[in-house]
Amino acid sequence: MFTSFMSIGQVPQEWKHAFVTPVYKSGSPSSVANYRPISLTWVACKLMENIVVANVLSYLCKKNVISKQQHVFLSGRSTTSNLLETIHDWTLIINNKKAVGVAYIDFKRAFDSVSHVKLFTKLQSYGISGVLVCRIRNFLHCRMQQTRVGNTLSNITNLISGVVQGSVLGPLLFVIFINDIAQLFTDNTCTCKLYADDLKLYTVLHTNTDCCVVQSKLNEVL
């Protein structure tokens, strides 16, 4: 069945209808903005996504495409590896009697605002094309969702952007989408660490000019 779907680059329309469960994050429970929308998708679709993700990720790793600064959704990468690398760098700086400037960025609704046009441009630039791209495009096209709270369902909403939180393929697509942001930090004036849509950048502060370097990098990111 999966081979048949892959050969034509399509998935059944029923698999693209998700039920969203709002998961509380922090802040006031009465504010809708303080909930993360997690999509409950079809199990059969997730099994097929696992196959796609395994092959795409294997290809990207062999080509050394994914930035070393990304610490999520990748084997051997986690919040722990992110923190260990960061604390190591900061400790060396402080032990050398120097100051460190740090900035944190959390992109608002990052998963929901991914542009499909830009995403597919990036996929093709990484050499992912043909039937596989058609299958991913079809996976994101004409998606529908309903929010479920208790036994109550909202009206059906058509999705025109974003990747699916709660799916298997969605997180990898987001990592690909945000991957090239690390290229802004290849000049070694600043170091960045990524964890999905959370970005941390830091640099050694020798003079006031170094503070301007941090600000200039923030301007480039934003």
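In this predicted model, strand S1 (residues 17-24) runs parallel to strand S4 (residues 143-149), and four bridges join the two. Pairing here takes at least two DSSP bridges between strands, while the strands themselves (E, at least two residues) and the helices (H or I, at least four) are DSSP runs numbered from the N terminus. Within this pair, Val-20 has Thr-147 of S4 as its bridge partner. S1 also pairs with strand S2 (residues 35-40), this time in the antiparallel sense and over six bridges, with Thr-21 sitting opposite Ile-38 of S2.

Now for a helix. In H4 (residues 116-125), the residues His-116, Leu-119, Phe-120, Lys-122 and Leu-123 are buried, that is, under 20% relative accessible area, with exposed meaning over 50% and partly exposed in between (1.4 Å probe, protein chains only). These five lie on the same side of H4 because they cover an arc of only 155° around the axis, judged by the directions from the helix axis to the C-beta atoms. The other side of H4 has Val-117, Lys-118 and Ser-125 exposed. The buried residues of H4 pack against helix H5 (130-140) and helix H6 (169-178), where contact means heavy atoms within 4.5 Å. After H4 comes Gly-127, with a positive phi near 90°.

Zooming out, the chain has seven helices and eight strands, and 39% of its 222 residues are buried.

As for the numbering, residues count from 1 along each chain as its sequence is written. Local features need pLDDT of at least 70 and side-chain atom pairs 80 or more, totals for chains, interfaces and linings use all residues, and side-chain values use heavy atoms, leaving out hydrogens and water.
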